[in-house]
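Hi there,

Here is the structure I promised to pass on to you. Have a look at it first, and then read my notes below.

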Amino acid sequence: MKIIMLGAPGAGKGTQAKMIADKYQVPHVSTGDIFRANIKNGTELGMEAKKYMDQGLLVPDELTVKILLDRVAQDDCKNGYVLDGFPRTIPQAEVLDKALTELGDKIDYAINVDVPDENIIKRMSGRRACLSCGATYHIEHIPPKKEGICDRCGSELVLRDDDKEETVKNRLDVYHKQTQPLIDFYTEKGVLKEVDGTRSMEEVFQAITEILG
Ligand code: AP5
Ligand code: MG
């Protein structure tokens, strides 16, 4: 099963993608997590990506596409995956489509987690992220068991550099201009599914499992 998570920054793509990955036993592939792991480890790719991410801009397609295609070519992605944060532009979607077509394959579902901009800004300031394992929490809605510590791996939780209010506004602008057109792209392919992302995390997941079966 090959799934794409669509939605604005902070819509809950990562939260839901992890739940899908656990239930359906497919890897959760997040380009944002891959970039953040590279920044943390001080790699050349990380340094390059950080320049864009800190401003709320997209990392250039050439760089992002290569990383994603390398990742999904790995063995654990043979039976499917859930993509979170990729594709984010029409050119990225076209490259993925072409790569899959060459393998006689296709995306099964593109799930759009719909949350209005007003709700997003509130969510982001409360988010805490684990840069080691990619888990995310919210200080009010989804708190970790021990404050500031990741339940899954015990690492320290941080406020992401790009979750400052000004940067979140830029990310929303970028989303509306560059990523929202993907909703039409996947509607035309007949794989788009909409879920209301303003509901609780469990209710959103329930709606997704009804779609995936
Ligand atoms: P990325 O890491 O993908 O960030 P994003 O799309 O901006 O999305 P977020 O991770 O901020 O939000 P999310 O939808 O995953 O929400 P979450 O589940 O955490 O990308 C970061 C940057 O990397 C980009 O800006 C770009 O520069 C670069 N990049 C990445 N991919 C790229 C690509 N393909 N091309 C180019 N550049 C790329 O939830 C948010 C918060 O809300 C959390 O605190 C969570 O606990 C809480 N929450 C979740 N669900 C609910 C709910 N139902 N109710 C209440 N709270 C909830
Ligand atoms: Mg995310």
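The lining of the second largest pocket divides into five nonpolar, two polar and four charged residues. In this sorting, Ala, Val, Leu, Ile, Met, Phe, Trp, Tyr, Cys and Pro count as nonpolar, Asp, Glu, Lys and Arg as charged, and the others, Gly among them, as polar. Among the lining residues are Thr15, Lys18, Asp22, Tyr137 and Arg152. A pocket here is an open set of points on a 1 Å grid over the protein atoms alone, where a 1.4 Å probe fits, with protein on both sides within 12 Å along at least five of seven lines; lining residues have an atom within 4 Å of a point. The volume of this pocket is about 260 Å³, counted as the space filled by probe spheres set on the points, which are joined across faces, edges and corners. Helix H1 (13-24) gives the largest share of the lining, four residues, and strand E6 (136-138) also supplies at least two. Helices (H or I, at least four residues) and strands (E, at least two) are DSSP runs, numbered from the N terminus.

Before you go on, please note that this is a predicted model: local features need pLDDT of at least 70, side-chain atom pairs count only at pLDDT 80 or more, and totals for chains, interfaces and linings use all residues. Residues are numbered from 1 along each chain as its sequence is written, chains are lettered from A and ligands numbered from 1 in the order in which they are written, and side-chain values use heavy atoms, with hydrogens and water left out.

Now for the ligand. Ligand 1 is surrounded by 36 residues (each with a heavy atom within 4 Å of it), and Thr15, Leu57, Arg88, Arg127 and Arg171 are the closest. This shell has 13 nonpolar, 14 polar and nine charged residues. Its largest share, four residues, comes from helix H2 (31-40). An oxygen atom of ligand 1 is 2.6 Å from an N or O atom in the side chain of Arg127, and a nitrogen atom of the ligand is 2.8 Å from an N or O atom in the side chain of Gln92. Taken alone, ligand 1 exposes 1,000 Å², and the protein buries 96% of that (Shrake-Rupley method, 1.4 Å probe).

How many salt bridges does the structure hold? There are 17, each a side-chain nitrogen of Lys or Arg within 4 Å of a carboxyl oxygen of Asp or Glu. One of them joins Lys189 to Asp97, with the closest N and O atoms 3.4 Å apart. This pair links distant parts of the chain, 92 residues apart.

Two backbone details remain. The peptide bond from Phe86 to Pro87 is cis, with omega near -5 degrees. Gln25, a residue other than glycine, has a positive phi near 55 degrees.

Best wishes

Technical notes. Polar contact = N/O pair within 3.5 Å; in protein donor to acceptor, adjacent residues only side chain to side chain.
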